[in-house]
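Here's a quick briefing to read with the model open in your viewer.

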Amino acid sequence: MKSRAAKLSTDFDNIKKTFLSKLDKSNAGGVDKGVQEIVNLINTHLEYFTTSSCAGRIYLWKEPKSGKKKDVDFIFLKHGKLSAADVETVKQLTLPKETVWLRVEPIILHVCCRELDAAQRFLDIAKKLFKKSCFLSIKNKIILEVRGSEIMEVPLVERNNWLVSEGYFDCLIKKANERYSRIEKKNNEFLRLLNEDL
C-alpha cells in the first residue's frame, strides 16, 4: 500500500499533467510574453506548476452596473508600456456614461506546489521581490500567490467627459509607463532568482 506522501505525490503529478494539457481560457488566449520564461521554468520543475499568470498590464476599465468584478468591461488593455499610437487610440475612444479608470497592475502568479517544504522555498524566493506574496490554500491543494505592489489607479472619465486635462493625462501615461518599467525590471530579477535558487 502506498504511503500518504507517495499518494499525494502521485496525485500532484496527475493534477499537473491534466491542468497543463488544458486549453488556455484566459482573455489573452495564452501566457503573456513578459512572463513566458518564468512560467516555463516553473512548469518544468518537478515540484510546481502555474494555474494562472499575468506579466502585468496597463488598462482602462469601465465600472459595471452590477458592481461585480466578473462584469468589468475592459475598454483598452496592454501587457506592456503604452506607445504613442496606444495613447492616440485611447484619446479617440468613445466615452461612456460610466466611470472609466486607468489602472496599472503588476505581475501575478498562482503556483501549485507538491508539498509544503517546496512551497515555502518558492515563497521565500518570491518575497525577496514581492512582499505581498502568500499562501492562498493549503487544504486540498497547496497554492501560492505571487503578486507585485506597483499598482496605480486613477479615474479618467465620468458621464461621457474627461475628468483630466490633456497635460495631466499625458503625465498619467508617463507615470504608468514608468511604473510598468519597474514591473518589467522586477520580473526579470525574479526569473534570475528562480534560475539560481529554485
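Is the crossing of H3 and H5 left-handed or right-handed? In this predicted model, the crossing of those two helices is right-handed.

**Helix against helix**
- H3 covers residues 84–91 and H5 covers residues 166–197; the two pack at an angle of about 135°, and their axes are 12 Å apart.
- That angle makes H3 oblique to H5.
- On the H3 side, the contact is made by Val87, Val90 and Lys91, while H5 brings in Glu166, Phe169, Asp170 and Ile173.
- Sorted by class, the contact of H3 with H5 has four nonpolar and three charged residues, with no polar ones.

**The four-stranded sheet**
- If you trace the open sheet, its four strands come in the order S1-S5-S7-S6, with antiparallel pairing.
- S1 (48–54) and S6 (134–137) stand at the edges with a single partner strand each, so each has one side left without a neighbour in the sheet.
- From one strand to the next, the twist averages 30°.
- S1 pairs with S5 over six antiparallel bridges, and one spot to look at is Thr50, whose bridge partner in S5 is Val111.
- S5 and S7 also pair antiparallel, over six bridges; here His110 sits opposite Glu145 in S7.
- S6 and S7 (residues 142–147) are joined in the antiparallel sense by three bridges, with Ser137 partnered by Ile143 of S7.
- Helix H4 (residues 116–126) lies across S1, S5 (108–113), S6 and S7, and runs at about 5° to S7.

**S5, covered on both faces**
- Six of the six residues of S5 are buried, so this strand is largely enclosed by the rest of the structure.

**S4, S8 and S9**
- S4 (residues 100–105) and S8 (residues 152–158) run antiparallel and are joined by five bridges.
- Trp101 has Pro155 of S8 as its bridge partner.
- S8 is also joined to S9 (residues 161–162), by two bridges and again running antiparallel, and Val157 stands opposite Trp162 in S9.
- The hairpin of S8 and S9 has two residues between the strands, and Arg159 there takes a positive phi near 50°.

**Arg159 in the loop**
- Arg159 lies in the loop between S8 and S9 and is exposed, with a relative accessible area of 65%.
- Leaving out residues up to four places away in sequence, Arg159 touches Pro96, Lys97 and Glu98.
- Arg159 and Thr99 are 60 residues apart in sequence, yet their C-alpha atoms are 6.9 Å apart.

**Lys62 in S2**
- Lys62 belongs to strand S2 (residues 57–62).

Conventions. Residues are numbered from 1 along each chain as its sequence is written. This is a predicted model: local features need pLDDT of at least 70, side-chain atom pairs count only at pLDDT 80 or more; totals for chains, interfaces and linings use all residues. Side-chain values use heavy atoms; hydrogens and water are left out. Axes are lines fitted to C-alpha atoms, for helices over the stretch in contact, and angles run from 0 to 180 degrees between N-to-C directions. Angles under 35 degrees count as roughly parallel, over 145 as roughly antiparallel, 65 to 115 as roughly perpendicular and the rest as oblique. A crossing is left-handed if the near helix is turned anticlockwise from the far one by less than a right angle, and right-handed if clockwise. Contact means heavy atoms within 4.5 Å. Ala, Val, Leu, Ile, Met, Phe, Trp, Tyr, Cys and Pro count as nonpolar, Asp, Glu, Lys and Arg as charged, and the others, Gly among them, as polar. Two strands pair if DSSP finds at least two bridges between them. Buried means under 20% relative accessible area, exposed over 50%, partly exposed in between (1.4 Å probe, protein chains only).
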